[in-house]
Amino acid sequence: MNGKYRSIQMLLGLVGMILVVGVASHDYGDALSKCVLFFEGQRSGKLPSTQRMTWRKDSALRDGADVGVDLVGGYYDAGDNIKFSFPMAFTTTMLAWSILEFGSHMGPEQKNAQEALKWGTDYFLKATSVPGKVTAQVGEPNADHNCWERPEDMDTPRTSYVVNTTNPGSEVSAEIAAALAASSIVFKSVNSQYSKILLQRASQVFQFADQYQGSYNTSVGSGVCPYYCDFDGYMDELIWAAAWLFKATNRQSYMKYVVDNIHYLENSTMRQSKEALFVGGSFAEFGWDAKHAGINVLISRLVMNTSKSDPFVRHADKFICSVLPESPTKLVTYSSGGLLFKRGGSNSQHVTAMSFLLLVYSRYLTRFHRSLECGNIAVTPSRLIQVAKTQADYLLGSNPLSMSYMVGYGRKFPRRIHHRGSSLPSIDTHPKHVKCLEGSIFFKSKYPNFNLLTGAIVGGPDINDQYNDTRINWSQSEPTTYINAPFVGVLSYFKAYPHP
C-alpha cells in the first residue's frame, strides 16, 4: 500500500467517524442514570431497602465463614458469581476518580454514585479487617464457571482466598489501598469520619503490600488464574496506590515513593513465574491489570509545567498519541465505524478507560494552557474531547448497526447478555431453587434474558462492527463492573457538555 493510498484511506476513516457522530444525539443524563444503576445488579450480600433493581435478592450471606471473617457484600465482577478483589478494587478506584473529576456534573446521580462507591469500600474494609491479611477473592471460580445459576441459589463452594505475610499479593493489596485512598477523598466532605477510616486503612494496606512484596498469581494460583492473573507485575499497583495516597494526604513520602520507583515501569521486562508470564511496563496501558497510563495522567496534574514533570507528563503525552486515530505513533486500531480496539477480550473496557483518561487529561491540559504534538500533528485539549465523544456515542448507538451496547438504553440493545442472574427467571417469578446445571437450558436458550440488567455495558462488537447477540459469545456479550466505572465519569462530562 503506497503512502498516498494510505493517507486517503485514513482521511476517509476519519470522515466516517465524524459523520457517525454528527448525525446522532444522545441523552447522556439518561445513560448516566442507567450506568450507575447497573451496579445494583452486581451487588452481593444483604440488599438494602433502597434497592431499585428489585429482581435481584440477597445472596452469599455466609461469605467468609470458612475463615471466620465477615466477608458479606461487595460486587460480582461480571456475569458470574465470584467476588474477585483485584478488578473490584479497580472498579472502586475508577468510581471514586469519576466522582472526583466529574461529580459536580452528575446532578442527583452523584448521590447514587457515592452509594455505589460505598458498597465497594464497605466490603474492602471487611476484606482488610485482619492486620497482615487481605482477602483476594471469595468463591471457587472453576466450580462457579461450570454452573449457570442465580447468585441467590449458589451452592458452589464460597472459598475465601487470603494473601498474607508469607503468601503475599502486592497487586491486589495495593489496588485496594488505591481504592480506599481515592474514596477517602470523595467522602471527605460527605462523611468525614468514614473518610478518615478509609484513609487510615489505605495507609495500612499499602504498607503491607509494599513490605511483603509478591504476586498473588503464586499465592492464590488457580484461584485467580487464568481469570484475573496479574500479567504485568505488581510495581504499577504499588506506585498507583502511593500516587492516590499522596493525593489524599499530601505527604511527600508517598510522592517520593512514586518518583523513586517509577523507573521500574520505564522499560518492558519479562520474567517467568509459576503461573503467568509478566510483562512489565507500558505507557499506553490502563485497566484492571495495568495502571501505567493512569499513573502518568494522575500525577501530571500535580507536576505539569514544573521541573518535576518528567517522566509523567512526557509519558502521558505519549499515551495520548498512542490513542488518537490520526497520530503517527498510534498503538490502537479503529474499526471502520470508528470504535477503538486493543488486544484482548471484552473490548469495551478499553473504550471506556481510554475515553476517561482522554477527558481527564484534556482538563489538565486546559488548566495549564498546554497542548501537545504527536509527530508533526498539533493536538489541542478539544481534540481529546472529540475522540472521547466518538467512543461514547458509538457505545450508545452511533454505529453501523445503530445499536446501543448499554442494556436498556435506546431502542435497540443486547437482549441475551452473558449474565447468570439476568438470564434466569427471578425468585419473584420462580421461587424454586435452580441447581447448578439446571440453569443450562437458560444459558443455551435463544430467548431474551428474563431480567433487564439496566445500564450494563457489554464487551461490544468485533473489529468489523458486528455483534452476535448470544450468551455463548461471552467476550462480546458479558458486562463487567470495570467497563461501567470509568464510563460514569465520561457520561457525567457529556451530560454537562453534550456539544463540546
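How many nonpolar, polar and charged residues does the lining of the largest cavity have? By class, there are 3 nonpolar, 4 polar and 1 charged residues. The model is a predicted one.

## Cavities

The cavity count comes to 5, taking those of 30 Å³ or more. The largest cavity holds about 70 Å³ of space.

Its lining is made by Ile-262, Leu-265, Glu-266, Ser-282, Phe-283, His-292, Asn-296 and His-315. Ile-262, Leu-265 and Phe-283 are the nonpolar residues of this lining. Ser-282, His-292, Asn-296 and His-315 are the polar ones. Glu-266 carries the charged label.

## The largest pocket

The largest pocket contains about 1000 Å³ of space. Its lining counts 42 residues. Closest to the pocket centre are Tyr-227, Trp-288, Gly-345, Gln-349 and Tyr-482.

By class, the pocket lining has 17 nonpolar, 16 polar and 9 charged residues.

## Packing of α3 and α9

Helix α3 spans residues 85-102, and helix α9 spans residues 235-249. The two pack at an angle of about 30°. Their axes lie 13 Å apart. The crossing of α3 and α9 is left-handed.

Which residues make the contact? From α3 come Phe-86, Thr-93, Trp-97 and Leu-100. From α9 come Glu-237, Trp-240 and Trp-244. By class, this contact of α3 with α9 has 5 nonpolar, 1 polar and 1 charged residues. Thr-93 is the polar residue and Glu-237 the charged one.

## Salt bridges

The whole structure has 22 salt bridges.

Where do the two partners lie? Glu-285 is in the loop between β5 and α11 (292-303). Arg-343 is in the loop between β7 (340-341) and α13. The pair therefore ties together parts that are 58 residues apart in sequence.

## Backbone features

Two cis peptide bonds can be described here, each with a proline. One joins Cys-225 and Pro-226, with omega about 10°. Pro-226 sits in the loop between α8 (216-219) and α9. Another cis bond joins Asp-310 and Pro-311, again with omega about 10°. Pro-311 is placed in the loop between α11 and α12 (312-323).

What is phi of Ser-402 near? The value is near 50°, which is positive in a residue other than glycine. Ser-402 belongs to the loop between α14 (381-396) and α15 (420-423).

Key:
Residues numbered from 1 in each chain as written. Predicted model: local features only at pLDDT ≥ 70, side-chain atom pairs only at ≥ 80, totals over all residues. Heavy atoms only, no water. Axes fitted to C-alpha atoms, helices over the stretch in contact; angles between N-to-C directions. Helix = DSSP H or I, 4+ residues; strand = E, 2+ residues; numbered from the N terminus. Left-handed = near helix turned anticlockwise from the far one by under 90°. Contact = heavy atoms within 4.5 Å. 1 Å grid on protein atoms, 1.4 Å probe; cavity = no way out; pocket = protein on both sides within 12 Å on 5 of 7 lines; lining within 4 Å. Points joined across faces, edges and corners; volume = space filled by probe spheres on them. Salt bridge = Lys/Arg side-chain N within 4 Å of Asp/Glu carboxyl O.
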